[in-house]
Amino acid sequence: MIEKLEINHLRTLDALYKFENLSAAAEYLAVSQQAISLQLKKIREILSDQLFVRTGHGVVATPYAKLIQPHIRQVLMHLNDIPLPHTITPENTARTLVISATDYTQKIIVGELMKDLRISAPGVKVIVINIESASLIQKMRQGDIDLTLTSSGYVPEGLVSEALFTEKYLCVTANKNIVFDDHLPLERLVEHDFVVVSPGIASFKGSADSWFEQQNLPRKVRVSVPSFFMAQEYLKQTDMVGFLPSRLMPCAGLFEIPLKKYPPGYEVVAAFHPSAKDDAFMLWLLDRIRQKFPAIA
């Protein structure tokens, strides 16, 4: 029967412990004495004990009521300790934040975020995992992942997506035999073999292929890798060319090939489950990221 106890029942008992008087307890709880009497009657039925018996000057607790008094107070203390949303600040937050991120966002965003959290939210622990795609929604719904940092095209429907900034591409190579004046014409660029990045699926089609087709300049893709970091390494060790996000440059061993026009960049986004859209800490976290990485046109 204990599960039938309500918070108001506990508050009534606590007031009776304090004042040992029904009218004083009623005044303390801002209710009528009749309401206290009715509450006490119901609690007696639930717990099968008189709990408080009348004396000449008020009421006195039964042995059973005295036995459960520490438990009642402890429950109420825990209830009073539950923070309201507006009282939660980064400084007093203690939680584990699980971030699913691409190699690019791990380097560019998460690294900076770690430094900030160490100072602004020292009670927050962070787990970083590689980008999740197949079961991302399910894992977010279960609370296994709190936040994903990726590009806009890889956010599954059903998640809340917040744009952070726009990244642009640079054309790079380690091939010093590629010569040019102030820029390399696209017609000459497509004469070289390309490394492309295709995260998630094995494909020789990169994000810039449709753009090259619009220029009537199909390119020759020879290597496809799942991450920008692997693209960097293979570009360093070969004579191929490729496109890297601007924030990953400069990179030792690679130099930029200036072009007159470039493939469109991409939007870097943060995504989370709709259940977290009012999470005060999550809102603060996204605002900090935007402050550190202002949008680039």
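**Close-up views of a predicted model**

**View 1. Helix α1 packs against helix α2.** Helix α1 (residues 7-19) and helix α2 (residues 22-29) pack with their axes 9 Å apart, at an angle of about 125°. Because of this angle, α1 is oblique to α2. Angles under 35 degrees count as roughly parallel, over 145 as roughly antiparallel, 65 to 115 as roughly perpendicular, and the rest as oblique. Axes are lines fitted to C-alpha atoms, for helices over the stretch in contact, and the angles run from 0 to 180 degrees between N-to-C directions. Helices (H or I, at least four residues) and strands (E, at least two) are DSSP runs, numbered from the N terminus. The crossing of α1 past α2 is right-handed; a crossing has this hand if the near helix is turned clockwise from the far one by less than a right angle, and is left-handed if anticlockwise. On the α1 side the contact is made by Arg 11, Thr 12, Ala 15, Leu 16, Lys 18 and Phe 19, and on the α2 side by Leu 22, Ala 24, Ala 25, Tyr 28 and Leu 29. Contact means heavy atoms within 4.5 Å. Sorted by class, the contact of α1 with α2 has 8 nonpolar, 1 polar and 2 charged residues. Ala, Val, Leu, Ile, Met, Phe, Trp, Tyr, Cys and Pro count as nonpolar, Asp, Glu, Lys and Arg as charged, and the others, Gly among them, as polar.

The model is predicted: local features need pLDDT of at least 70, side-chain atom pairs count only at pLDDT 80 or more, and totals for chains, interfaces and linings use all residues. Residues are numbered from 1 along each chain as its sequence is written, and side-chain values use heavy atoms, with hydrogens and water left out.

**View 2. Helix α1 also meets helix α3.** The axes of α1 and α3 cross at roughly 110° and come within 10 Å. That angle makes α1 roughly perpendicular to α3. From α1, the contact uses Asn 8, His 9, Thr 12, Leu 13 and Leu 16; from α3, Ile 36, Gln 39, Leu 40, Lys 42, Ile 43 and Ile 46. The residues of this contact of α1 with α3 divide into 6 nonpolar, 4 polar and 1 charged.

**View 3. Glu 20 and Ala 30 have positive phi values.** Most residues other than glycine have a negative phi. Glu 20, although not a glycine, has a positive phi of about 50°. Its place is in the loop between α1 and α2. With a relative accessible area of 41%, Glu 20 is partly exposed. For Ala 30, phi is near 60°. Ala 30 lies in the loop between α2 and α3 (33-47) and is exposed, with a relative accessible area of 69%. Buried means under 20% relative accessible area, exposed over 50%, and partly exposed in between (1.4 Å probe, protein chains only).

View 4. Most peptide bonds are trans. Pro 250 is placed in the loop between β10 (241-245) and β11 (255-256).

View 5. Cys 171 counts as buried, at 0% relative accessibility. Cys 251 is buried too, with a relative accessible area of 12%.

**View 6. Thr 150 is a buried strand residue.** Thr 150 is found in strand β5 (residues 147-151). Its relative accessible area is 4%, so Thr 150 is buried. Leaving aside neighbours within four places in sequence, the residues in contact with Thr 150 are Thr 102, Thr 105, Ile 131, Val 155, Glu 267, Val 268 and Val 269.

**View 7. Ser 227 and Gly 206 are buried loop residues.** Ser 227 lies in the loop between β9 (220-225) and α9 (228-237), and has a relative accessible area of 13%. Not counting residues up to four places away in sequence, Ser 227 touches Asp 103 and Val 197. Gly 206 is in the loop between β8 (193-197) and α8 (209-214), with a relative accessible area of 12%. With residues up to four places away in sequence not counted, Gly 206 touches Val 196, Val 197 and Arg 219. The C-alpha atoms of Gly 206 and Phe 194 are separated by 9.8 Å, and these residues are 12 residues apart along the chain.
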